Amino acid sequence: MINPRNSRLAAAISLVSALALTATACGDDGSGSTGAKGAEGPGTGKIVFWDENGGVRTAIWKEIIADFEKANPDIDVQYVGIASTEAQSKYDTAIQGGGLPDVGGVGAAMVAGITAQDALEPLDDRIEGSSLKGKLNEAMIENVRSAAGRDETYTVPISATNGVLYYRTDLFKKAGLGEPDTWDEFYEAAAKLTDKRKNQFGYTIRGGPGSIAQALDSMYGQSGIESFWDESGTKTTVNDPKNVAALEKYVGLYKKATPEADLNNDFTKMVAQFDSGGIAMLNHNLGSYQDHVGSLGVDKFRGIPQPELADGTRVMVSNPVSGLGLVKSSENKAAGWKFIEFAASHASNSKFSESAGLIPANKEAAEDPWLDKAETTKLGAEALFSGDTKIVQLPYYLPDWNTLSKADSESGFQKVLLGKMSAKDFLDTLAASLDEAQAEWKEQQG
């Protein structure tokens with residue numbers, strides 16, 4: 001019987017050797033299929049840029065494009081906004097049939113599938129010979145390299161949205177509690193700020209869609225394990241006894257310091273409960289910061305990096321980093337690279353990140369004054385840029401990662417919350433699937 005994971009991966013990899021359609025120009029006129037080598041081109045003229053989060057970031061990208069065209073009047077950038085839910089399929093269709101852009105927004109969760117089809121240009125030499133040399137956050141560079149599953153850099157990182165522990169400062173102050181900087185303080189606060197009779201809870205645990213990412217963050221944060229794989233690179237650490245113990249303690253909060261409804265809650269319901277005052281602490285990312293500001297102002301809550309261990313160690317799992325890739329089949333790579341370099345520069349990256357409320361990839365942008373007014377983003381940037389935070393790189397490069405970390409595991413995690421499955425059995429099952437997927441991926445890499 002053919003293993004479905006093998007067949008899916010083989011199908012993706014086989015596209016690399018497929019015959020490419022003849023490339024005649026860049027962008028939307030039919031060029032850009034798998035295997036096409038493209039050309040440096042004149043460095044002037046038209047280029048096409050795909051924004052993989054169209055709508056949400058359209059306005060700020062158009063502003064950056066206008067700045068770029070003013071500085072480079074001989075280059076015309078055609079903006080194409082794509083909904084994030086459609087980006088992967090849009091790339092896959094264009095890789096097979098033609099019509100790729102010159103520059104594309106590529107999130108960490110997509111980069112492995114696109115590079116496996118030989119559609120992106122390696123960028124290490126270009127970065128090394130450009131104004132970006134030494135200016136990009138090393139942790140974000142490592143994130144995009146790890147996500148691709150290769151030693152080369154295929155996207156220039158633009159921004160990141162780290163995991164955040166939001167807490168209600170008004171409720172903490174009323175209870176005489178200090179900031180939950182450590183895991184011990186986190187658990188103490190969760191218990192003390194729970195009063196079921198008043199429908200008041202110290203924490204909200206994510207049991208619905210997206211639960212696994214949050215669970216992994218809590219596990220590695222508490223265990224202090226700094227790598228997703230063992231030294232051999234073949235066995236995951238997800239079911240290490242320290243992680244099992246961490247998950248047991250974490251799920252022990254359910255119904256004791258969290259609402260029972262958390263079993264099915266997604267982040268929108270959790271955010272609403274936090275902002276209404278029924279929840280004292282919430283784990284989410286920077287994406288909900290503006291929601292909290294809109295509901296609470298800036299005086300009733302804070303957003304801080306994940307808690308530290310007692311010895312001051314902070315371990316966090318990686319969050320997908322957004323970046324810009326140079327399409328291999330582009331006939332005008334010189335102009336495409338100029339745009340990427342401009343977008344990742346100090347001024348542009350600062351403008352983009354401030355607008356989006358994200359952590360900038362450019363080191364100089366991360367020191368700009370606007371971060372002083374966006375405290376949560378600033379604290380996240382400091383955690384990333386300090387070099388003290390240990391980042392566990394998740395295996396976004398595995399073709400089955402999204403399935404394994406979502407559809408295949410979320411129902412199992414709910415069983416753990418309900419006491420119908422042990423944390424050890426849940427993590428052992430997940431580990432077996434991950435080890436199998438890793439072995440198949442390594443075999444495909446030769």
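Q: Is Lys-133 buried, exposed or partly exposed?
A: Lys-133 is partly exposed, with a relative accessible area of 47%. Buried means under 20%, exposed over 50%, and partly exposed in between (1.4 Å probe, protein chains only).

Q: What should I know about the model itself?
A: The model is predicted: local features need pLDDT of at least 70, side-chain atom pairs count only at pLDDT 80 or more, and totals for chains, interfaces and linings use all residues. Numbering starts from 1 along each chain as its sequence is written, and side-chain values use heavy atoms, leaving out hydrogens and water.

Q: Thanks! Where does Lys-133 lie?
A: You'll find Lys-133 in the loop between helix H5 (124–128) and H6. Helices (H or I, at least four residues) and strands (E, at least two) are DSSP runs, numbered from the N terminus.

Q: And what does Lys-133 touch?
A: Leaving aside residues up to four places away in sequence, Lys-133 touches Ile-127 and Glu-128. Contact means heavy atoms within 4.5 Å.

Q: How far apart are Lys-133 and Ala-366?
A: In sequence, Lys-133 and Ala-366 are 233 residues apart, and in space they are 16 Å apart, C-alpha to C-alpha.

Q: You mentioned H6. At what angle do H4 and H6 pack?
A: Helix H4 (residues 108–115) and helix H6 (residues 138–148) pack at about 45 degrees, and their axes are 7 Å apart. Axes are lines fitted to C-alpha atoms, for helices over the stretch in contact, with angles from 0 to 180 degrees between N-to-C directions. H4 and H6 are therefore oblique to each other. (Under 35 degrees is roughly parallel, over 145 roughly antiparallel, 65 to 115 roughly perpendicular, the rest oblique.)

Q: Which residues make that contact of H4 and H6?
A: On H4, Ala-108, Val-111, Ala-112 and Thr-115 take part, and on H6 the partners are Asn-143, Val-144, Ala-147 and Ala-148. By class, the contact of H4 with H6 has six nonpolar, two polar and no charged residues. Ala, Val, Leu, Ile, Met, Phe, Trp, Tyr, Cys and Pro count as nonpolar, Asp, Glu, Lys and Arg as charged, and the others, Gly among them, as polar.

Q: What about H2 and H14, how do they cross?
A: The axes of helix H2 (residues 58–71) and helix H14 (residues 346–356) come within 10 Å and cross at roughly 165 degrees. H2 and H14 are therefore roughly antiparallel to each other.

Q: Which residues meet there, between H2 and H14?
A: From H2 come Ile-60, Trp-61, Glu-63, Ile-64 and Asp-67, which meet Ser-348, Lys-351, Phe-352 and Ser-355 in H14. The contact of H2 with H14 divides into four nonpolar, two polar and three charged residues.

Q: Changing topic: what order do the strands have in the open sheet?
A: The open sheet has six strands in the order E2-E1-E3-E9-E4-E10, with mixed pairing. Two strands pair if DSSP finds at least two bridges between them.

Q: How is E4 joined to E10?
A: Two bridges join strand E4 (residues 156–160) to E10, and the two strands run antiparallel. Ser-159 has Pro-360 in E10 as its bridge partner, while Ala-160 stands opposite Ile-359 in E10.

Q: And how many bridges join E4 to E9?
A: Four bridges join E4 to strand E9 (residues 321–326), again antiparallel. In E9, Val-321 is the bridge partner of Ala-160.

Q: Which elements does H14 lie across?
A: H14 lies across E4 and E10, running at about 30 degrees to E4. Five of the five residues of E4 are buried, so E4 is largely enclosed by the rest of the structure.
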